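Grab your viewer and work through them in order.

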Amino acid sequence: MSAINSNIPEGELTGKWTKFKSSVPLVNPSNKRSLEIIVVGSGLAGASAAATLAEMGYKVKCFCFQDSPRRAHSIAAQGGINAAKNYQNDGDSTYRLFYDTIKGGDYRAREANVYRLAEVSANIIDQCVAQGVPLAREYGGLLDNRSFGGTQVQRTFYAAGQTGQQLLLGAYSALERQIGMGKVEMFTRHEMLEVVKIDGKARGIIARNLLTGELERHFGHAVVLGTGGYGNVFYLSTNAMGSNVTAAWKANKQGAFFANPCYTQIHPTCIPVSGDHQSKLTLMSESLRNDGRIWVPKKKDDTRKASDIPEDERDYYLERRYPAFGNLVPRDVASRAAKERCDAGYGVGASKLAVYLDFKANTERYGRIEASKNGIHNPDKETCMRLGTEVVKEKYGNLFDMYAQITGENPYETPMRIYPAVHYTMGGLWVDYNLMTTVPGLYCTGEANFSDHGANRLGASALMQGLADGYFVLPYTIGQYLSKEISVKAIPTDHPAFAEAEDKVRGILDTLINIKGTKSVDHFHKKLGLIMWEKCGMARNAEGLKQAISEIQQLKKDFWSDVRVPGGKDEYNPELEKAGRVADFIELGELMCIDALNRNESCGGHFREEYQTEEGEALRDDENYAYVAAWENKGDGTFELHKEELKFENIKIAQRSYK
Ligand SMILES: Cc1cc2nc3c(=O)[nH]c(=O)nc-3n(C[C@H](O)[C@H](O)[C@H](O)COP(=O)(O)OP(=O)(O)OC[C@H]3O[C@@H](n4cnc5c(N)ncnc54)[C@H](O)[C@@H]3O)c2cc1C
């Protein structure tokens, strides 16, 4: 008997959310004023939730570890945000966005949640435009769209290559307004280190003031975690350096199940690793695949310059293998195809672990259009390239600049070299339809939950999900829980449960400081990252995963006996912050491998080498694995698996094809 209930409302898929909203119990305004909600996280998921809940009348406390809410990792998002508006009149609809997302996730997501996401997607754009977010517009003033992978329509709204920053400024403004009115109390430079439970319900958190080291107790009738993804478990990723799993991991230890931890997204278009010195990788937005064509030489170990390789000696392998979607196949498919070509000896650049992303053909095409607009008939190639470069600059200028600054090469003249890198985590805390974890009163939103993307997220869908959760879903669903809490008075933080939780946190910090070993925190993080990348990365197999589990167990022992954390705990100490996060990453890494080993199939970003079609595509086992794997932490590195069966009643489950 499963311990989890997804609480999906009865009825037709298309009517579930409307009916839910119309029948959910409400909390009246005066009761809202006495109900307190803690929101941990001020990225798109956290800031939108905190601002909206405060606007509704709840008393909100919001926490982030950065010095300002607007520095959350969401600011890094480049390419865009999806919405089924059908502005391009190209056949988009709520159903099509729902369908693309379920198929893109390789049939490993919950239908009801994904349909709701598609439904509210259009509201998000309206909300952001009303806030003044400068989404790109066409010449006539209408909002512009572009394509992202795994779709055949143009539904991605964007603000140059800074969509996340602009959306976050919108959410941040809404949050600041509530802070200004005294309805949100903001705690920057605070790190949540424990969930406090009383009588089985989440009732608060323990947070560390990162500037003073002081531990603080905070009560809430409910707690929301919008704490982002855990891609940095791999050490090298496109995530912000501070992104971590600590909040979700502490919640897991308090009874919130962790779902599908092994589902990691490897993004196909990143700047390749250049050496051992690196601590960060850089994304080249998926939007570039609208106009960039991906290719490798047809000849193995070809050392010629890209410009010296004639057209008929180039292999546009995505266009060759997937003619219907071409360069815009989903990320998991594009990443695997790049790895396949490089493994087979066709890679380019010094490391041979790179493929070309080439804008020449489309630059020329744009140039021809511009020439025609300017009355230049039969323009020569040079004119086309000159005019086309201006168009490309307008569309992707900041991304091209970033590439040039990092690599020292001019991408307007020579193709970019790219390779897949860790980018996003589809796994996260298990939540039901209400976004509540298995701990009553503990909610999870945005990238930190597992909710909507199955085994592979489509590009531009993370921003959509984070804002859907915060602006439109949680504000309704949390009322269902809080309507039953109206008679609960704020619990004083001298309650024994708070004291016990604080003691536990202090104990861990003391231990970390007192190990006084010989190796830096980064030493362990790097080692973990390498194990994860090599054995639980783009390709996995049973033997490698078993090895990884035992290597991580040894790493854990070494960490707790030999890590060196300089400084004290009652002061500003970034090394201590990192140590706590890496300790949690090590435990999570083991669970990721356990989960990957349990899932004897390939699906989306989880590619088990033993399970592939003759053409090297992911081979699912729907009979035995059409479930969400939700892991209960039983302590001491042991976990119990709970399965949420996935039912597909509105989409015919099939082998994914992008041909
Ligand atoms: C380079 C890059 C580009 C991307 N581009 C796109 C794109 O174009 N479109 C798209 O849809 N998606 C994109 N993504 C993915 C998307 O940006 C993220 O999934 C999304 O922004 C996550 O938002 P979030 O609010 O869930 O988390 P985050 O933005 O990571 O915010 C997490 C918040 O939690 C806080 N926090 C975390 N732990 C604690 C703790 N223990 N205590 C206190 N506070 C804590 C942090 O301070 C922060 O405020 C991109 C990702 C990357 C890496």
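## Exercise 1: the ligand

Find which polar side-chain atom lies 2.6 Å from an oxygen atom of the ligand.

Solution. Step one: the side-chain atom belongs to E447. That's a polar contact, meaning a pair of N or O atoms within 3.5 Å. Step two: look at the backbone, where a polar atom of S42 is 2.9 Å from a ligand oxygen, and an N or O atom of G226 is 3.4 Å from one. Step three: check the cover. On its own the ligand has 1000 Å² of accessible area (Shrake-Rupley, 1.4 Å probe), and the protein covers 97% of that.

Before going on, a word on the model: it's predicted, so local features need pLDDT of at least 70 and side-chain atom pairs pLDDT 80 or more, while totals for chains, interfaces and linings use all residues. Numbering runs from 1 along each chain as its sequence is written, and side-chain values use heavy atoms, with hydrogens and water left out.

## Exercise 2: the shell

Work out how many residues surround the ligand and which element gives the most.

Solution. Start with the count: 37 residues surround the ligand (a heavy atom within 4 Å). Q66, S74, G79, M192 and E447 are the closest. By class, the shell has 16 nonpolar, 18 polar (Gly counts here) and three charged (Asp, Glu, Lys, Arg) residues. Next, the elements, which are DSSP runs (helices of at least four residues, strands of at least two): α3, β6, β15 and α12 each supply at least two shell residues. β6 gives the most, with three.

## Exercise 3: the second largest pocket

Say how much space this pocket holds and what lines it.

Solution. A pocket is an open set of points on a 1 Å grid over the protein atoms alone, with protein on both sides within 12 Å along at least five of seven lines; lining residues have an atom within 4 Å of a point. Of its 28 lining residues, L236, V273, L530, W533 and E534 are closest to the centre. α14 brings the largest share, six residues. The lining splits into 17 nonpolar, five polar and six charged.

## Exercise 4: the largest cavity

Find its volume and the element that contributes most to its lining.

Solution. In a cavity, a 1.4 Å probe fits but cannot get out. The largest one is about 60 Å³. Its lining includes R331, D332 and M538. α9 supplies the largest share, four residues.

Technical notes. A polar contact is a pair of N or O atoms within 3.5 Å; within protein, one must be able to donate a hydrogen and the other to accept it, and residues adjacent in sequence count only if both atoms are side-chain atoms. Grid points are joined across faces, edges and corners, and a volume is the space filled by probe spheres set on the points.
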